[in-house]
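Please look at the model below with its sequence beside it, and follow the report one region at a time.

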Amino acid sequence: YELRLSRCDQLSRLHLSLDLLIADFVSIQIMLAELDQLYRMPQQPLPPLSLTFRDAVLALRHEREQPAQRARFARDRDYWMARIPDMPGAPDLPVQDTPVTQEPVKFSRHALTLSPAQWQAFCHHAGERRTTPTCAILAAFADTIGRWSRQPDYSLNLTVLNRPAMHPDIGRIIGDFTSTSVLQVRQQPTSRFEDRAAQMQEQLWEDMEHAAFSGID
């Protein structure tokens, strides 16, 4: 990581550059919150940690060697290996082989922000259909990818937060606690969106039950 300070006449701005190989999204939030606290209350030091990321990694490694965890790993491995022969590949998205011009490629971002009332309504509608807001958004993302994919069926890599509740200080540790899961998407263009989201939720729950064998594995 690297910290830099831009000093101006009226203000100063702190810049933080952080490699995502060493910290997941939650860890970045922890770091920013601690920086904010130290900035606003420099006289109040942060409480010391009694756990390190290395301690967590070694504890998880030790736990995986236990008979119960080894049995679960074998069960989950069988679950995924049995599905691989019928699992579709990545989305077949259109790619421009030869550039039309020699000008640099440009990207544009499109953003939409929901108001708090709209977000609450969205969460309410998702909950009524036994779908989490996260999965409802995932279903919308999958529909968008499916609209462009040449193949109707494909798989997506999902990032899964896996911070184990093994110690009171685990919530303050900075590290990469992420894992991956492979989600199979079967396009059903004639079905309703809420039905596709509910089906994706069921598939996601089933996959999470077999998370001991990760997408990386």
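Strand 1 (residues 2–7) and strand 2 (residues 12–17) run antiparallel and are joined by 6 bridges, where two strands are said to pair if DSSP finds at least two bridges between them. Helices (H or I, at least four residues) and strands (E, at least two) are DSSP runs, numbered from the N terminus. The two strands form a hairpin with 4 residues between them, and Arg7 has Ser12 in strand 2 as its bridge partner. Strand 1 is hardly covered, since the count of buried residues among its 6 residues is 0; here buried means under 20% relative accessible area, exposed means over 50%, and partly exposed lies in between, with a 1.4 Å probe and protein chains only.

Leu16 has its place in strand 2, and Leu16 is described as partly exposed because its relative accessible area is 29%. Not counting residues up to four places away in sequence, Leu16 touches Glu2, Leu3, Met31, Leu32 and Leu35, where contact means heavy atoms within 4.5 Å. Leu32, one of these partners, is 16 residues from Leu16 along the chain, and their C-alpha atoms are separated by 9.1 Å.

## How the model was treated

This is a predicted model, in which local features need pLDDT of at least 70 and side-chain atom pairs count only at pLDDT 80 or more, whereas totals for chains, interfaces and linings use all residues. Residues are numbered from 1 along each chain as its sequence is written, and side-chain values use heavy atoms, with hydrogens and water left out.

## The largest nonpolar core

In soluble globular proteins, nonpolar side chains tend to be buried together. A nonpolar core is a set of buried Ala, Val, Leu, Ile, Met, Phe, Trp, Tyr and Cys residues joined through side-chain atoms within 4.5 Å. The largest one here has 13 residues, and those with the most contacts inside it are Leu183, Val185 and Met200. Helix 5 (133–148), strand 3, strand 4 and helix 6 are the elements that give two or more residues to this core, and helix 5 gives the most, with 5 residues.

Which residues does Leu183 touch, not counting residues up to four places away in sequence? Leu183 touches Leu138, Tyr154, Ser155, Leu156, Leu158, Met200, Gln203, Leu204 and Asp207. Leu138, which lies in helix 5, counts as buried because its relative accessible area is 14%. The C-alpha atoms of Leu138 and Ala82, 56 residues apart along the chain, are separated by 25 Å.

## Val182 in strand 4

Val182 is found in strand 4, and Val182 counts as buried because its relative accessibility is 18%. Leaving aside its neighbours within four places in sequence, Val182 is in contact with Trp80, Met87, Ser155, Leu156, Asn157, Asp207 and Gly215. Val182 and Ile216 are 34 residues apart in sequence, and 9.1 Å apart in space from C-alpha to C-alpha.

## The largest pocket

Rolling a probe the size of a water molecule over the atoms shows where empty space is left. On a 1 Å grid over the protein atoms alone, a pocket is an open set of points where a 1.4 Å probe fits, with protein on both sides within 12 Å along at least five of seven lines, and lining residues have an atom within 4 Å of a point. The largest pocket has a volume of about 890 Å³, and of the 32 residues that line it, the closest to its centre are Leu60, Arg64, Asn162, Ser179 and Ala211.

Helix 2 (53–64), helix 3 (67–83), strand 3 (153–161), strand 4 (178–186) and helix 6 (193–208) each supply at least two residues of this lining, and helix 2 gives the most, with 6 residues. The lining residues divide into 14 nonpolar, 9 polar and 9 charged, where Ala, Val, Leu, Ile, Met, Phe, Trp, Tyr, Cys and Pro count as nonpolar, Asp, Glu, Lys and Arg as charged, and the others, Gly among them, as polar.

## Two exposed loop residues

Ala165 is found in the loop between strand 3 and strand 4, and Ala165 is called exposed because its relative accessible area is 82%. Arg130 is found in the loop between helix 4 (116–128) and helix 5, and at 60% relative accessibility Arg130 also counts as exposed. Phi of Arg130 is near 55 degrees, a positive value in a residue other than glycine. Most residues other than glycine have a negative phi.

Technical notes
Points joined across faces, edges and corners; volume = space filled by probe spheres on them.
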